[in-house]
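Here is a friendly walk through some side-chain contacts, written for a reader who likes to see the cut-offs. Please keep the viewer open as you read.

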Amino acid sequence: MAEHGAHLTAASASDDRPSIFEVVAQDSLMSAVRPALQHVVKVLAESNPGRYGFLWRWFDEIYTLLDLLLQQHFLSRCSASFSENFYGLKRIAVGDSKGLHQLASTGLPKKQHWKSLLFLVLVPYLKTKLEKLVSSLREEDEYSIHPPSSSWKRFYRAFLAAYPFVNMAWEGWFLSQQLCYILGKAQHHSPLLGLAGVRLVRLTAEDIQALEQKLAVATASQQPAHSIKEQVQSAVKKALGGVALSLSTSLSVGVFFLQFLDWWYSSENQETIKSLTALPTPPPPVHLDYGTGSPLLPKLKTVCPLCRKIRANDTVLSTSGFVFCYRCVYTYVKSHQRCPITGYATELQHLVKLYSPES
C-alpha cells in the first residue's frame with residue numbers, strides 16, 4: 001500500500017518535477033519570514049518610538065520594497081524566487097520545449113519574468129492590505145462608528161458578509177491545485193505559477209555550475225565607468241545589487257532563526273511564553289511629566305487626554321494602560337498606529353473597552 005502511494009509525494013530520479021513537500025516548504029519560507037521581521041520591528045518601535053516608529057507605521061510598504069529588490073535579484077540571476085532558489089528549484093516557461101535544457105543563469109523570458117515578479121510581490125501586499133481593511137471595518141461595524149442609515153455602512157456590511165466566501169474560494173482554489181499537483185494532473189502546485197506562465201523544476205548540476213561561473217565572471221569583469229551617466233548608472237546598480245545581496249545573505253543565514261521566532265510568538269505558543277516570561281506589571285513611563293501643567297495628561301482622571309472632555313465609552317490601550325474616549329482613540333490609532341501619550345506602537349486590536357458595574 002505504501003509502495004503504491006509513494007509516487008504521490010516523491011518524484012522519480014528521472015523526473016525534474018519537485019515533490020509536494022519541496023514546493024510547500026518553499027512557500028512557507030517567505031510566509032514565515034514576514035511575521036518574524038514584523039515582530040522585530042515592533043520591538044524596536046516600542047523601545048524607541050521616536051526613532052523606529054516609522055518602521056512600524058510603514059512596515060508593509062518597506063517590506064514590499066525590500067521584497068521587490070530581493071525577488072528581482074534572484075529572478076534575474078537564478079530564474080527563481082529567493083525561497084525557490086533556497087530549496088534548489090528554478091522556474092521555466094510553460095510550453096517551452098527548450099526550457100528544460102535552458103540554464104538557470106540565463107534568466108526567464110521577459111514576459112514571464114515580470115509576471116512572476118508581479119505575483120511574488122504585489123499580490124501578497126494587496127492581500128495583506130485587504131485583510132487589514134476587513135479587520136478595521138469589523139471594528140467600525142462592531143462599535144458603530146458610522147451612522148446607522150449611511151449608505152457607506154450598508155456597503156461595507158455587504159462587503160464583510162461576502163469576504164469570508166471570497167476568501168474561502170481563494171483558499172479552495174489553491175488547495176484544489178495542490179491536490180491536482182499531488183495526483184500528477186497539474187504542472188504547478190499554485191495557480192499563481194500558472195497565471196505567470198511558468199512551472200518549477202529542480203536545479204541540475206549544470207545549473208549550479210553555470211550560476212557559480214556567472215558570479216565569478218560578474219565579479220572579475222567590473223570596469224570603471226567614464227561618463228557621468230555611466231557612473232550614476234553603475235552606482236545605482238551597485239547599490240541595488242548590494243542591498244539585494246545583503247538581504248539574500250542575511251535571510252539565508254537567519255532564515256531558521258526567523259522561523260524559530262515565528263513559532264515562538266505563534267498563538268499556540270502564547271500560554272507557554274507567558275508562563276516562562278511572567279513579569280510583574282511595569283510602572284508608567286518615567287519620561288512623562290505628571291505635573292499639573294502637563295500638556296498631555298489632564299488634571300481630572302475622568303477627562304479624555306485627546307478631546308479634553310469627560311470620557312464617553314471608556315477605552316484603554318493595552319500597550320500603555322491609558323484610557324480615552326473610544327471614538328477619539330480609535331481615530332488616532334487608525335491614523336498614527338501609536339499611543340497618543342507614550343508613542344508606543346499600537347494597533348486597533350489593542351483597544352479594550354471598559355464597562356462599569358452600572359452599565
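Cys 328 is partly exposed, with a relative accessible area of 21%; here buried means under 20%, exposed over 50% and partly exposed in between, using a 1.4 Å probe and protein chains only. Cys 328 is in no disulfide, and the nearest cysteine sulfur, that of Cys 307, is 3.8 Å away. A disulfide is taken as a pair of cysteine sulfur atoms within 2.5 Å.

This is a predicted model, in which local features need pLDDT of at least 70 and side-chain atom pairs count only at pLDDT 80 or more, while totals for chains, interfaces and linings use all residues. Residues are numbered from 1 along each chain as its sequence is written, and side-chain values use heavy atoms, leaving out hydrogens and water.

Searching the whole structure gives 0 disulfides. Cys 304 is in none either, with the sulfur of Cys 307 as its nearest cysteine sulfur at 3.9 Å. Cys 304 is buried, at 0% relative accessibility.

## Aromatic pairs

The whole structure holds 9 aromatic pairs (ring centres of Phe, Tyr and the six-membered ring of Trp within 6.5 Å; planes under 30 degrees apart are stacked, over 60 edge-to-face, the rest tilted). Trp 170 and Trp 173 pair edge-to-face, 5.9 Å centre to centre with 80 degrees between the planes. Trp 173, partly exposed at 37%, also pairs edge-to-face with Phe 174, at 6.1 Å and 75 degrees. Phe 174 is buried at 18% relative accessibility.

Elsewhere, ring pairs join Phe 74, Phe 82, Phe 86 and Tyr 87 in a cluster.
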